[in-house]
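Please look through the sequence and the structure below before reading on. The briefing that follows takes up a few residues one by one and then turns to the chain as a whole.

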Amino acid sequence: MSHIDLEDLEIAYRHRLHYKVCRDCGAKNPLKAIKCRRCRGKNLRAKKKGTIKK
Ligand SMILES: [Zn+2]
């Protein structure tokens, strides 16, 4: 049984604290994601509360 990962994902999405947004298609991806799960592009930017990357 490995439902813990799913719960973690749900919490992460619910709080909208840690995830990556694809610059190509705008899809949300887990922070651990390297490639976009929709378009498989690598142009992901981290969306982190209070963090602005220049
Ligand atoms: Zn994408």
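V21 counts as partly exposed because 16 other C-beta atoms lie within 10 Å, where a residue is called buried if 20 or more other C-beta atoms lie within 10 Å of its own, exposed if 12 or fewer, and partly exposed in between, with the C-beta atoms placed from the backbone. The model is a predicted one, in which local features need pLDDT of at least 70 and side-chain atom pairs count only at pLDDT 80 or more, while totals for chains, interfaces and linings use all residues. Residues are numbered from 1 along each chain as its sequence is written.

**Around V21**

- V21 is part of strand β1, which covers residues 18–22; strands (E, at least two residues) and helices (H or I, at least four) are DSSP runs, numbered from the N terminus.
- Setting aside residues up to four places away in sequence, V21 touches G26, K28, L44, R45 and K47, a contact being two residues whose C-beta atoms, placed from the backbone, lie within 7 Å.
- Although V21 and A46 are 25 residues apart along the chain, their C-alpha atoms are separated by 6.4 Å.

**The loop between β2 and β3**

- C39 is placed in the loop between β2 and β3, and this residue is partly exposed because 13 other C-beta atoms lie within 10 Å.
- When neighbours within four places in sequence are left aside, C39 is in contact with C22, D24 and C25.
- The C-alpha atoms of C39 and C25 are separated by 7.0 Å, with the two residues 14 apart along the chain.
- R40 is also found in the loop between β2 (28–29) and β3 (44–48), and R40 counts as exposed because it has 11 C-beta neighbours inside 10 Å.
- The phi angle of R40 is near 65°, which is a positive value in a residue other than glycine.

**The chain as a whole**

- The secondary structure comes to 1 helix and 3 strands, and from the N terminus on these elements run α-β-β-β.
- The chain has 54 residues, of which 7% count as buried.
- Among the contacts with a separation of 6 or more, 18% are accounted for by residues 24 or more positions apart.

**Confidence in the prediction**

- The chain averages a pLDDT of 79, and 67% of the residues score at least 70, pLDDT being the predictor's confidence in each residue, from 0 to 100.
- Among the elements of the chain, helix α1 (residues 4–15) has the lowest mean pLDDT (68), whereas β2 has the highest (92).
- Where pLDDT is low, the predicted coordinates should not be read in detail.
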